[in-house]
Amino acid sequence: MMVKAFCIAGVTALTLGVTGAWAQKPVFGTEEDINFADELWSAMEDAGLAGDGMLRSFPYEGVAPHGMMLETLYTTGTVDGHTGDLVIKRNYGPEGVSIDAVLNDPGTHLSAVTVMFRRETGFDSDNQDWFWVKYLPDGSLDKNPEGMPLAGRVAKGMDAGCIACHSGAPGDDMIFTTDHIAAQQ
């Protein structure tokens, strides 16, 4: 009984500590991040890369956390007058979904759209100036279990999350699936 109470108290303290740290200086999900993510989604819709009638590519088998089937698009985008590299990954599920099922009815199987957009130099020099965002299929922002919107420098400095995972990508561009995008200098 004493061990159980100690564990619960420890988890509660850890949760309050993390929440308190975010409350003081959020790593991601700030109002600025949310506004930028909204502008980015609008730019993607205007370019036919998101929303109704979006450009489609051929899905391929994926892995967690993105999805069991994926579509990935590499292009550039412009937000607030800045043009940067844009990587759009459409994440399909559930586990066991087939390529044919996604091709026949992509809207039913789309679970999220994860995006990397290269912002202006100095946005996050430690991480190639990437802006990370996870959208739900309707363009609204997904949130982590603590309710933080997944936009901006997602999980910067943490052991898990977008930046931690992509830091392990081969090369120095933080991208696993291609090497055609140059690292930020």
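Guide: P65 is found in the loop between β1 and β2, helices (H or I, at least four residues) and strands (E, at least two) being DSSP runs numbered from the N terminus. The peptide bond that leads from A64 into P65 is cis, with omega near 10°. The model is a predicted one, in which local features need pLDDT of at least 70 and side-chain atom pairs count only at pLDDT 80 or more, while totals for chains, interfaces and linings use all residues. Numbering starts from 1 along each chain as its sequence is written, and side-chain values use heavy atoms, with hydrogens and water left out.

A cis bond also joins G93 to P94, here with omega near 5°. P94 sits in the loop between β3 and α3 (99–104). Most peptide bonds are trans, and most residues other than glycine have a negative phi. Q128, not a glycine, has a positive phi of about 60°. Q128 belongs to the loop between β4 and β5 and is buried at 14% relative accessibility; buried means under 20% relative accessible area, exposed over 50%, and partly exposed in between (1.4 Å probe, protein chains only). M174 likewise is not a glycine and has a positive phi, near 70°. M174 is placed in the segment after α5 and counts as buried, at 7%.

From these loops, turn to the strands. The chain has 5 helices and 6 strands, and from the N terminus its elements run α-α-β-β-β-α-α-β-β-β-α. The 6 strands make an open sheet in the order β1-β2-β3-β4-β5-β6, with antiparallel pairing (two strands pair if DSSP finds at least two bridges between them). At the edges stand β1 (60–61) and β6 (151–152), each with a single partner strand, so one side of each has no neighbour in the sheet. Inside the order, β4 (residues 110–118) and β5 (residues 130–135) pair antiparallel over 6 bridges. R118 stands opposite W130 in β5.

Helix α2 (residues 31–46) lies across β2 (69–79), β3 (82–92), β4, β5 and β6, and runs at about 75° to β5. Axes here are lines fitted to C-alpha atoms, for helices over the stretch in contact, and angles run from 0 to 180 degrees between N-to-C directions. Contact means heavy atoms within 4.5 Å.

The largest nonpolar core has 26 residues, and L40, M44, V115, F131, V133 and Y135 touch the most other members. Such a core is a set of buried Ala, Val, Leu, Ile, Met, Phe, Trp, Tyr and Cys residues joined through side-chain atoms within 4.5 Å. Two or more residues of this core come from each of α2, β2, β3, β4 and β5, and α2 gives the most, with 5 residues. Neighbours within four places in sequence aside, L40 is in contact with V79, L86, V115, F117, F131, V133 and Y135. A second, separate core has 12 residues, among them M116, M148, L150 and I163.

Charged pairs come next. The count is 7 salt bridges, a salt bridge being a side-chain nitrogen of Lys or Arg within 4 Å of a carboxyl oxygen of Asp or Glu. R90 and E71 form one at 3.3 Å, N to O. R90 is in strand β3 and E71 in strand β2, 19 residues apart. R90 is buried at 1% relative accessible area, and E71 is buried at 2%. R119 and E120 meet at 3.0 Å, N to O; R119 is buried at 8%, whereas E120 is partly exposed at 31%.

D124 bridges to K156, with the closest N and O atoms 2.4 Å apart. D124 lies in the loop between β4 and β5 and K156 in the loop between β6 and α5 (162–166), so this pair ties together parts 32 residues apart in sequence. D124 is buried at 3% relative accessibility, and K156 is partly exposed at 24%. Salt bridges with shared partners also join R56, E71 and R90 into one network.

For the chain as a whole, buried residues make up 40% of the 185 residues. Of the contacts between residues at least 6 apart in sequence, 51% join residues at least 24 apart.
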